[in-house]
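I opened the notebook to look up the charged side-chain pairs. Here is the structure I worked from.

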Amino acid sequence: MFGTVAKMKLKPGSFEKMQDVMKGFEERPVKGFLFNVVYRSQTDPNEVWLAVGFEDEASYRANADDPRTDEMSRQYQKLMAAPPEWHDGEIVTMARAEDRAST
């Protein structure tokens, strides 16, 4: 698996708009897409972390190069108070409660 974690500082009042942009991504079929998770800071409601996972690096890169992803990125940038901080990498482990329950 391969993915990214992004730290984003949103403009005040932009969290709900960011969620709407995310729904657009979630509704389109993306080859190799596995999951996305959004965390919202308890101390700063305008700070969020986004974690996204793909089956492999090739599908992650293909999505990153997709013009629709670029358009979504431009929509996010309008909502941000500062540029996002991206951290790409191999996902080496992921434990899910539902996986443990089925064993």
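My entries on the salt bridges follow.

Entry 1. I am working on a predicted model. I counted the salt bridges first. The count comes to 8.

Entry 2. I looked up Arg-28. Its side chain meets that of Asp-66 in a salt bridge, at 3.8 Å from N to O. Arg-28 sits in the loop between α1 (15–27) and β2 (33–40), and Asp-66 in the loop between α2 (57–64) and α3 (67–79), so the pair ties together parts that are 38 residues apart in sequence. Are Arg-28 and Asp-66 buried or exposed? I find both Arg-28 and Asp-66 buried.

Entry 3. I checked what else belongs with this pair. Arg-28 and Asp-66 are linked with Arg-68 in a network of salt bridges.

Entry 4. I moved to helix α2. Glu-57 and Arg-61 form a salt bridge there, 3.1 Å from N to O. The two residues are 4 apart in α2, about one turn of the helix. I then looked up their accessibility. Glu-57 is partly exposed, at 38% relative accessible area. Arg-61 is also partly exposed, at 34%.

Entry 5. I went on to helix α3. Which residue does Arg-74 form a salt bridge with? I find Glu-71, with the closest N and O atoms 3.6 Å apart. Arg-74 and Glu-71 are 3 residues apart in α3, so about one helical turn separates them. Arg-74 has a relative accessible area of 43% and is partly exposed. Glu-71 is partly exposed too, at 36%.

Entry 6. Arg-28 and Asp-66 are buried, whereas Glu-57 is partly exposed.

Methods:
Residues numbered from 1 in each chain as written. Predicted model: local features only at pLDDT ≥ 70, side-chain atom pairs only at ≥ 80, totals over all residues. Heavy atoms only, no water. Salt bridge = Lys/Arg side-chain N within 4 Å of Asp/Glu carboxyl O. Buried < 20%, exposed > 50% of the residue type's maximum accessible area, 1.4 Å probe, protein only.
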